[in-house]
Structure formats: structure tokens, C-alpha cells
Amino acid sequence: MRHILNGKGSKPMSSYIFLLRRTLWVQKCIATWIACALLTGCWDSREIDKLSIIQGVAIDMDQDMLELTYQHLISQKSKKSMYRNVTTFNKDSIQSASREQAKQVSHAPLYSFIRLILISDQAIQERRIDQLLDTFTRSYKPSRKSLVMITKGSAKEAFNKMGKHQDIPTIDLEALAKNSDLNSEIPHEITLGEISTKTSQEADFLIQCIETNGGNHFSGAALVRGKTKKFANWIDEKEVTGINWILGKTKDSVIKTEDPESKQSMVFEVEDVHTKLIPHLNGQDLSFTVRIKTDVKLNESTDNSVDFLKESFIRSAKEAVQDEIKQIVSQSLNTLQKELRADVVGFGTKVKVNYPAYWDRVKENWQDTFSQIPIDVKAKVQIERTGAYSKEEGE
């Protein structure tokens, strides 16, 4: 009897084990199928030779019409046709003008990799900056690191200028923009994301300007009002230099002055620079100190008869560089305060952080307040090297 019961009782157990093994086998098959599907690629992937990647956009005006030029990066074996410039027209909007490309380009454009947006001087003077860039931040969703520049003249003409070291004009201009580290006359580059932040904060800002005569090259900056989002004025290279000193963006640039005694020129390279904007509030009287500390080295001199190791030379050279920095910065501040009434270096931000109650009273008329603020410029220079050596070192 016990043997029969055990025999009958083993059937449900065998069925359970069979079902368990079958279930595990089905699960392994499903997992294998999913893994193979994922390894084959994305469901919405497209072949690279079917893409037309937009690298740059140029915005011009033709009377009352918007004129857009797109620089397409094309996958080619030959470098002779790595890109193509496509121009479209539309009276109403940038978004509508972009759709006109469908009449000229067979491949659907991909806007996610825009590196550069160029705006002509005519377009920036006739349209607000937020209107010109709205579709790029709202619809196309390119990187917020995409650079924005202004061209004096036709923006699309810049896309027809081959660079000195780059095969694609857009990439050449992007690399050129970063040379502000080497030349203090070049304004610091500004991105799509930074412009979006500036306009939302109603802060004034500068945009790099380029000219296309004889090839693309920098030529000062364009001032845009944060409140109105409109072009306000052109900033020349001298003013840009002073602004860069205030912002502490002159490292690796050079500063030229002359020896007070010999009247011979000296050129110093800026090795390091630190600046501070220090607000002072005495009752209702606001003032600022701009403190600049920099380390420089002597790279060039037209007077080889000077003993560059003498303490008297180092002291006089240091004073000469300090005076030159203060003069450059003071001249730029005078232009910003008295002529342009534009705070592009962040004085208002310092007031807002340090004296919020005072800021609440003046923020609506900050442009007027800023134009009247006394600003004291202090420069402290340390000469690290003069390139000279003693006789003992040379022997």
C-alpha cells in the first residue's frame, strides 16, 4: 500500500518539475531575443551617410526678409565636399525659413550639433536678440554651449571664408573665438546658454564681432541691453581690453608699456591675473574698488643696455605696468559709465549680493545709478622674470 501511494504521489511532483524547467527555458529564450535586439542598434537609428548635420547658422536681413544660411556637414570620403552652405528666405520666422531647406536638401537636417550662430549687424539692429535666438532654445535644442557671434556685414559671407588651419569655416570660427585667451583685444566668447541667462536676468552683455574683409577676423564687440534685448552700441578693441582686465580674462595676453627713464618699449606677458570688485556703502553713497593683481614676465624690450636684474629697473618697470593697467581700465570704465551707461562686468551683481536692501531700491534705475558710482582702480604687479641672467649663471 505504501508503495502505491508513493507512486501516485510522485506524478504531481514530476509535473511541477517539468513546468518549472519549461518556464526557465522560455525565460532564457526571451532574454536572449531581447539581448540580440538591443545589440543590433537603436530602433530609431539612421545611417550616417543619410544625415545632414547642421554645424552653423547665419542670420541675415534682406530688406524686411529673414535670410538664413545653414552650413551642412556632409559625410564624404573626399574633403573637397565636406560641407555645403544652403540659403533660405522667409518674411515671418526662422522656423519657417528652416523648412524651406526641404526644397533644396534631400537629407533631413539634424540641428542638435549646431556649433555656431552668426548674426549680421543689420539683423541685430532690427530684431531683438531673444527673438532671433528663440527657435534655437525652444525647438532645435542644440547645446547651450553653441557660440554666438555678430558679423559686421553679411553673416553668410563668413561661411564662405576658409580658415587658415581648418577645412570647415564653422569649426575654424569656433576655434578662433577661443583666442581671447591670447589677445586681450578679443572679447570673451559667449554661448547660447549664457545669452539666455543674461536676458532672463536683464543684464547687459557683449557679443564677439567679426569682419570678413580679407578673411574672418575679430573687430571689437556688440553691446546688447539686458532690459530691452536690443543692440545698443559697438565696443572698440581698446574698451574690450579694459573690460577683459576687469573680468580677469587677460591671462596669456601681453601688455605693452615703456621704461620711464629710457623711454624704450617693453612687452610683458601676463602669466596670472586675479580681480575683485569690492562695493562700499556709506549710508546711501555707493562706491567701488576694482582690485587687480597680476604676475607678468618681460618678453621683449627695445633697450638692451639696461641691467634687467637691477632692483631699480624692476621697481620702475613694475610701476609702469601698473600705471598702464590703471589707465586702460579707467578709460573703459569711463566709456561704460558715462557714454554707454552699461554694466557688462557685474557691478550690479556685487551690490545685490552684498547690499540686498540697497539693491531693491536702485535696481529699477541701476543704469542711472551705475553711471554715477565712483570707482577706484588699484593694480598690483609682480614681475616674475625678466629673461636676464647674471654672469655667474651664464658661465
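User: What is the strand order of the open sheet of four strands, and which kind of pairing does it have?

Analyst: In this predicted model, the order is S10-S11-S12-S13, and the pairing is mixed. From one strand to the next, the twist averages 40°.

User: What makes S10 and S13 edge strands?

Analyst: Each pairs on one side only. S10 covers 254-258 and S13 covers 375-385.

User: How do you know that S10 and S11 pair?

Analyst: Two strands pair if there are at least two bridges between them. S10 and S11 (residues 265-282) have five bridges, in the antiparallel sense. The pair therefore meets the cut-off of at least two bridges. One of the links involves Val 254, whose bridge partner in S11 is Glu 269.

User: What makes S8 and S9 a pair, and in which sense do they run?

Analyst: Four bridges join S8 (residues 217-224) to S9 (residues 231-235), and the strands run antiparallel. At least two bridges are needed, so S8 and S9 count as paired. Val 224 has Phe 231 in S9 as its bridge partner. S8 and S9 form a hairpin, with six residues between them. In the turn, Lys 229 has a positive phi of about 65°.

User: Why are H7 and H8 called roughly perpendicular?

Analyst: H7 (residues 237-247) and H8 (residues 311-340) pack at an angle of about 105°. Angles of 65 to 115 degrees count as roughly perpendicular. H7 and H8 are therefore roughly perpendicular to each other. Their axes are 8 Å apart.

User: Which residues meet where H7 packs on H8?

Analyst: From H7, they include Ile 243, Trp 245 and Ile 246. From H8, they include Ile 325, Val 329 and Leu 336. By class, the contact of H7 with H8 has eight nonpolar, five polar and two charged residues.

User: Which helices lie on the sheet strands, and at what angles?

Analyst: H7 lies across S10, S11 and S12 (285-301), running at about 65° to S11. H9 packs on the sheet and touches S11, S12 and S13. The direction of H9 makes about 130° with that of S12.

User: What is the volume of the largest pocket, and which residues are closest to its centre?

Analyst: The volume is about 1,100 Å³. Of the 38 lining residues, Lys 198, Glu 202, Ala 203, Asp 204 and Asp 343 are the closest to the centre.

User: Which elements give two or more residues to the lining of the largest pocket, and how do the lining residues divide?

Analyst: The elements are H6 (192-201), S7 (205-211), H7, H9 (347-354) and H11 (366-372). The lining divides into 14 nonpolar, ten polar and 14 charged residues.

Conventions:
Residues numbered from 1 in each chain as written. Predicted model: local features only at pLDDT ≥ 70, side-chain atom pairs only at ≥ 80, totals over all residues. Heavy atoms only, no water. Axes fitted to C-alpha atoms, helices over the stretch in contact; angles between N-to-C directions. Parallel < 35°, antiparallel > 145°, perpendicular 65-115°, else oblique. Contact = heavy atoms within 4.5 Å. Nonpolar A, V, L, I, M, F, W, Y, C, P; charged D, E, K, R; others polar. 1 Å grid on protein atoms, 1.4 Å probe; cavity = no way out; pocket = protein on both sides within 12 Å on 5 of 7 lines; lining within 4 Å. Points joined across faces, edges and corners; volume = space filled by probe spheres on them.
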